[in-house]
Amino acid sequence: MLFRSALTSSFPLPSLSVLDVGQGDGILLRPQGNALLLEDTGPPGKHGIEAPVCRSLERLGIGELDDVLLSHFDLDHRGGLSSLLARHRLRGALWFREEDLSAKNHEAVLAEAERAGVPVRFLNEVNTPEGLLCRLAPFRDGNDSSPLCRAELDRKSTRLNSSHT
C-alpha cells in the first residue's frame with residue numbers, strides 16, 4: 001500500500017532533515033530546485049512493522065521521493081529499502097556506487113529495485129542525484145566506503161554523508 005500525501009509540496013525549500021530511523025541513517029534533503037532525495041533508508045522494520053524510515057517520512061507528510069542514495073550496503077543503511085519502496089513512490093532512481101555490486105548484500109538491493117520497477121544509477125563524481133556534488137571514497141565496503149557529498153542549501157554548503165565524522 002503506497003502512502004500518499006498532498007503535503008509533499010509544502011515541505012520547505014531548500015531543507016535538510018535527519019530522520020529518526022533508530023540505528024543507522026536516513027537523511028532527507030531538498031537542495032536548490034525541487035528534487036527530494038533520501039540518503040540511506042536506515043534499518044529494516046521488526047516483527048512485521050514497516051521500517052522506521054517510512055514512519056518518519058509519513059510524519060512529515062512525504063509520500064513520494066525523487067531519488068534514494070545508498071551510501072553503502074550495511075543493513076543499518078539499506079535495511080529499510082524494501083518497506084520504503086513498498087510504501088512510497090520513487091519517481092527517479094536508486095543510486096549507489098558501482099563498486100557496491102561486490103558487496104555481499106548487493107543481490108537483495110537489486111531485487112528490491114527490480115520488484116519496485118525502480119531504475120538503478122551508479123554514483124560517481126560526474127553522475128549524481130540532482131543538487132549533489134560527490135567524491136568517492138577509495139575503500140570497498142562499510143562506513144569508510146561511503147561517498148562524501150555536498151549539497152547547496154539556501155546559499156550554504158552542507159556536507160552530506162551519514163558515515164564520515
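## Close-up views of a predicted model

**View 1. Helix α1 and the elements around it.** The buried residues of α1 pack against β2 (27-30), β3 (37-39), β4 (64-65) and α3 (81-87). The model shown here and in the other views is predicted. Helix α1 spans residues 52-59 and is mostly covered, with 6 of its 8 residues buried. Those buried residues are Pro-52, Val-53, Cys-54, Ser-56, Leu-57 and Glu-58. After the helix comes Gly-61, which has a positive phi, near 80 degrees.

**View 2. The largest nonpolar core.** In soluble globular proteins, nonpolar side chains tend to be buried together. The largest nonpolar core in this model has 24 residues, and the members that touch the most others are Val-53, Leu-57, Leu-65, Leu-84 and Leu-94. At least two residues of this core come from each of α1, α3, β7 (94-97) and α4 (106-116). A second core of 10 residues is separate and includes Leu-29, Leu-37, Leu-123 and Ala-151.

**View 3. The surroundings of Val-53.** Which residues does Val-53 contact, leaving aside its neighbours within four places in sequence? They are Leu-19, Val-21, Leu-38, Thr-41, Gly-80 and Leu-84. Val-53 is itself one of the buried residues of α1.

View 4. Glu-58 and Arg-87 form a salt bridge, and their closest N and O atoms are 2.8 Å apart. Glu-58 belongs to helix α1 and Arg-87 to helix α3, so the pair links distant parts of the chain, 29 residues apart. Is Glu-58 buried or exposed? Glu-58 counts as buried because its relative accessibility is 18%, and the cut-off for buried is under 20%.

**View 5. A salt bridge between two strands.** The side chains of Arg-89 and Glu-64 meet in a salt bridge, at 3.4 Å from N to O. This pair also links distant parts of the chain: Arg-89 lies in strand β6 (residues 89-90) and Glu-64 in strand β4, 25 residues apart. Arg-89 has a relative accessibility of 38% and therefore counts as partly exposed.

View 6. Asp-100 and Arg-97 meet through their side chains in a salt bridge (3.4 Å, N to O). Asp-100 is buried, with a relative accessible area of 2%. Arg-97 counts as buried too, at 1% relative accessibility.

View 7. Strands of a sheet pair through backbone hydrogen bonds, either parallel or antiparallel. Here 6 strands form an open sheet with mixed pairing, in the order β1-β2-β3-β5-β7-β8. Why is one side of β1 and of β8 left without a neighbour in the sheet? β1 (15-18) and β8 (120-123) stand at the edges and each has a single partner strand, so one side of each lacks a neighbour there. From one strand to the next, the twist averages 25 degrees.

View 8. β2 and β3 pair in the antiparallel sense over 3 bridges. Leu-29 stands opposite Leu-37 in β3, and both leucines are included in the second, separate core of 10 residues. In another part of the sheet, α4 lies across β7 and β8 and runs at about 160 degrees to β7.

Key: Residues numbered from 1 in each chain as written. Predicted model: local features only at pLDDT ≥ 70, side-chain atom pairs only at ≥ 80, totals over all residues. Heavy atoms only, no water. Buried < 20%, exposed > 50% of the residue type's maximum accessible area, 1.4 Å probe, protein only. Helix = DSSP H or I, 4+ residues; strand = E, 2+ residues; numbered from the N terminus. Contact = heavy atoms within 4.5 Å. Core = buried A, V, L, I, M, F, W, Y, C linked by side-chain atoms within 4.5 Å. Salt bridge = Lys/Arg side-chain N within 4 Å of Asp/Glu carboxyl O. Pairing = 2+ DSSP bridges. Axes fitted to C-alpha atoms, helices over the stretch in contact; angles between N-to-C directions.
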